[in-house]
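Dear colleague,

I am passing on the structure below, and my notes on it follow. Please read them with the coordinates open beside you.

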Amino acid sequence: MLTQKALLAASRRPGMRRVVTGTPVTRRVVDRFVAGETLPDALAAVRALAADGIAVTLDHLGEDVTDRVEAIRGRDAYLALLECLAPLQLGRAAEVSVKLSAFGQALPVGGDDVALELVRPVVEAASAQGTTVTLDMEDSRTVDSTLAVLADLRRAHPGTGAVLQAMLHRTEDDARALAVPGSRVRLVKGAYREPASAAHQEKAAVDAAYARCLEVLVRGGGYPMAGTHDPALIARMLELVVETGRTPDSYEFQLLYGIRPGEQVRLARAGHTVRAYVPYGADWYGYFMRRLAERPANLQFFLRSLATKS
Ligand SMILES: Cc1cc2nc3c(=O)[nH]c(=O)nc-3n(C[C@H](O)[C@H](O)[C@H](O)COP(=O)(O)OP(=O)(O)OC[C@H]3O[C@@H](n4cnc5c(N)ncnc54)[C@H](O)[C@@H]3O)c2cc1C
């Protein structure tokens with residue numbers, strides 16, 4: 001728990017970023033979680049997953065941008081990505097995930113407006129080719145802003161997806177509000193370091209909250225997306241879809257690229273819609289550190305790879 005907190009704190013420290021990204025051996029470990037640094041790398045991963053019957057949501061890595069020029073570059077990267085996805089004709093089987101902090105949400109003045117202005121063309125481009133955008137959820141201070149941007153985008157593009165983090169105390173209420181027809185909601189446990197005032201701190205409490213929120217979403221009228229690798233929660237989702245008589249086109253499982261790949265294939269072969277979250281790009285530091293924090297074994301693997309190299 002202590003290690004997890006330290007890693008999540010480090011994920012936002014520029015000094016640590018320089019140390020970790022400057023270590024040549026890090027790359028091999030990063031490759032397990034990130035599809036590559038370039039757009040062709042990402043497209044190769046999309047093709048390989050599609051061959052296994054797995055849909056994708058692509059994330060051009062980047063977050064916490066502090067100036068408008070960088071935010072515009074983020075938008076342009078997504079527009080280029082969508083342009084390259086079009087010829088693959090995967091439709092909804094290839095969508096994109098965006099972090100509003102990469103679109104300027106955290107700018108000191110008018111960040112919400114900048115993020116909305118810059119993300120809108122991405123949502124329009126996705127809709128034009130018959131697919132969708134999901135707004136990733138970042139730390140708890142951004143939830144109200146992200147849900148407000150979502151509500152605005154949904155007026156013209158109702159398929160725009162949201163992410164809710166079960167660890168937050170507020171999430172059961174948010175899940176109820178979003179469990180309505182046409183509403184796509186990915187439920188995750190939550191990957192950010194949060195204070196006790198905002199979030200459950202113990203794994204058992206987070207898992208129980210996830211199960212409650214999942215039930216709200218699956219019994220509700222929207223399109224639930226179970227974003228987890230947790231075998232117990234995947235099993236609970238399977239029970240709930242049977243109980244509610246949902247057909248495979250009315251829910252999906254979502255897992256991260258490189259994590260439990262065998263389970264991804266197994267669920268897809270069993271007839272469920274499965275979507276892998278595929279991150280790519282050079283700015284992988286924050287994403288990578290969150291993956292290390294989630295699992296002590298990942299950290300050991302990383303440290304071992306450093307030790308064997310030196
Ligand atoms: C599709 C998708 C999108 C996501 N989007 C967001 C988002 O927008 N905002 C956000 O805050 N969080 C997001 N997350 C991350 C999420 O919040 C969790 O941090 C992450 O999924 C780990 O939780 P878990 O449900 O897998 O359960 P855990 O209890 O952490 O893990 C259950 C099991 O899964 C496997 N596993 C989990 N994590 C790892 C790992 N890093 N490496 C290797 N094995 C692992 C292990 O076998 C572990 O025992 C997303 C997760 C997914 C799957």
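A contact here means heavy atoms within 4.5 Å. With that in mind, among contacts between residues at least 6 apart in the sequence of this predicted model, 72% join residues at least 24 apart.

As to the chain as a whole, 13 helices and 8 strands are present, and the radius of gyration is 18 Å, close to the 19 Å that the globule rule gives for 310 residues, so the chain is as compact as a globular protein of that length. Taken along the principal axes, the box filled by the C-alpha atoms is roughly 55 × 45 × 40 Å, and 53% of the 310 residues count as buried.

Residues making the contact include Arg68, Ile72 and Leu79 of H5 and Glu117, Leu118 and Val122 of H6, and by class the contact has 11 nonpolar, no polar and 3 charged residues.

I also looked at Ser11, which sits in the loop between helix H1 (2-10) and helix H2 (14-21). Ser11 has a relative accessible area of 12% and is therefore buried, the cut-off being under 20%. The side chain of Ser11 reaches the backbone oxygen of Leu8 at 2.6 Å, and, leaving aside residues up to four places away in sequence, Ser11 touches Tyr285, Gly286 and Met289.

How values were computed:
Residues are numbered from 1 along each chain as its sequence is written. This is a predicted model: local features need pLDDT of at least 70, side-chain atom pairs count only at pLDDT 80 or more; totals for chains, interfaces and linings use all residues. Side-chain values use heavy atoms; hydrogens and water are left out. Helices (H or I, at least four residues) and strands (E, at least two) are DSSP runs, numbered from the N terminus. Buried means under 20% relative accessible area, exposed over 50%, partly exposed in between (1.4 Å probe, protein chains only). A polar contact is a pair of N or O atoms within 3.5 Å; within protein, one must be able to donate a hydrogen and the other to accept it, and residues adjacent in sequence count only if both atoms are side-chain atoms. Ala, Val, Leu, Ile, Met, Phe, Trp, Tyr, Cys and Pro count as nonpolar, Asp, Glu, Lys and Arg as charged, and the others, Gly among them, as polar. The radius of gyration is taken over C-alpha atoms; the globule rule is 2.2 Å times the number of residues to the power 0.38.
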